[in-house]
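Have a look at the chain below before reading on. The notes after it walk through the fold and a few spots worth a second glance.

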Amino acid sequence: MKGEKGERRKQELLKIAYRMFIQKGYEETSIDEIIAEAHIAKGTYYYYFPSKEATLEEVINMMINGEVERAKAMLSAPIPVPQKLVGVITSLRPEQGETNISDALNQKENIIMHEKISRRIVDEAVPLLAEVVCEGIAQGLFACDHIEERVRMILIMSQHLFDNGNFSEGDIKVFIDMVEKTLGAPPDTLGFIRQLINQ
C-alpha cells in the first residue's frame, strides 16, 4: 500500500513539474517552486528525485509514455497504411505546448540525456512501425525484408533531419525518396509527407 501511495505522490510531483516546465520553461523553474506548489518538504522531493535533471528525465519519460499510447492508437485507425506509418512517427513527437520541455534536452549539459531519450523513442517505435510495414507488405504496398532494421534507419534519419527544424525542400524530397526505396514502395506513395511537413 505504501508503495502505491508513494507512486501516486511521485506522479503528482511529475505533473506539477511538467506544468511548470511548460508555463515557465525548464531553466526558469526552480526545485523550490515545485516544492512550494506541491506543499511538501524538500526532503520529500529529494526522496523521489535526486536532482532537477532527474525530474526533467522523468517528465520526458512521462511525455514519451503518452506519445507511445497515441502511436499505438494509430495502429488501429481506419486510414491507409502510408498515412498510418507517418501517423505513428508524428505521434512520437512532443505536442505543441511541450517545446519548452523538449528544448531543454538540446542544452549542452543534457546531451547524454538527449541521446538516452532518443534511443528510447526509437526502441518504442520500431515494433509499432514494423507492424504497419507488415500490414503494407500484406496489402502489396511495400516489398522489403529486415523490417525492424529498415524502420530503425527511417526513424533515425527522421529524428536527425526534422528535430532541429533546419531542412530544405531538397532534404524533404530526398527523405521521401529514400523512405520509399527503403520500404520498396512505388514512387510517390509517400509524397503526401511534403504537404504535412510544409504545414
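This is a predicted model: local features need pLDDT of at least 70, side-chain atom pairs count only at pLDDT 80 or more; totals for chains, interfaces and linings use all residues.

Residues are numbered from 1 along each chain as its sequence is written, and side-chain values use heavy atoms, with hydrogens and water left out.

**The whole chain**

The protein has 10 helices and 0 strands, which along the sequence gives the pattern α-α-α-α-α-α-α-α-α-α. Helices here are DSSP runs of H or I with at least four residues, strands are runs of E with at least two, and both are numbered from the N terminus. The C-alpha trace spans about 60 × 40 × 25 Å along its principal axes. Of the 199 residues, 42% count as buried; buried means under 20% relative accessible area, exposed means over 50%, and partly exposed is in between, using a 1.4 Å probe and protein chains only. Contact means heavy atoms within 4.5 Å. Among contacts between residues at least 6 apart in sequence, 64% join residues at least 24 apart.

**Helices α4 and α7**

How do α4 and α7 pack, and at what angle? Helix α4 (residues 52-75) and helix α7 (residues 111-138) pack at about 10°, with their axes 11 Å apart. Axes are lines fitted to C-alpha atoms, for helices over the stretch in contact, and angles run from 0 to 180 degrees between N-to-C directions. The two helices are therefore roughly parallel to each other. Angles under 35 degrees get that label, those over 145 count as roughly antiparallel, 65 to 115 as roughly perpendicular, and the rest as oblique.

On the α4 side, the residues making the contact include L56, I60, I64 and V68, and on the α7 side they include I117, I121, L128 and V132. By class, the contact has 11 nonpolar, 2 polar and 8 charged residues. For that sorting, Ala, Val, Leu, Ile, Met, Phe, Trp, Tyr, Cys and Pro count as nonpolar, Asp, Glu, Lys and Arg as charged, and the others, Gly among them, as polar.

N61 lies in helix α4. Leaving aside neighbours within four places in sequence, N61 is in contact with I117 and R120. The C-alpha atoms of N61 and I117 are separated by 7.7 Å, although these residues are 56 apart along the chain.

Helix α8 (residues 147-162) has 16 residues and reaches 22 Å from its first C-alpha to its last, close to the 22 Å expected at 1.5 Å a residue. That expected span is 1.5 Å times one less than the number of residues. In α8, the buried residues include I147, V151, I154, L155 and F162.

The axes of α8 and α9 come within 10 Å and cross at roughly 175°, so the two helices are roughly antiparallel to each other. Among the residues in this contact are I154, M157, L161 and F162 of α8, along with I172, F175, M178 and V179 of α9. The class count is 9 nonpolar, 2 polar and 2 charged residues.

T29 sits in the loop between α1 (2-24) and α2 (31-38). Not counting residues up to four places away in sequence, T29 touches M20, F21, K24, I34 and K52. H39 is in the loop between α2 and α3 (42-48), and has a positive phi of about 55° although it is not a glycine. D188 is in the loop between α9 (169-183) and α10 (193-198); its phi is also positive, about 75°, and again D188 is not a glycine.

**Cysteines**

The structure holds 0 disulfides, where a disulfide is a pair of cysteine sulfur atoms within 2.5 Å.

| Residue | Relative accessibility | Class |
|---|---|---|
| T29 | 1% | buried |
| H39 | 72% | exposed |
| C134 | 40% | partly exposed |
| C144 | 18% | buried |
| D188 | 60% | exposed |
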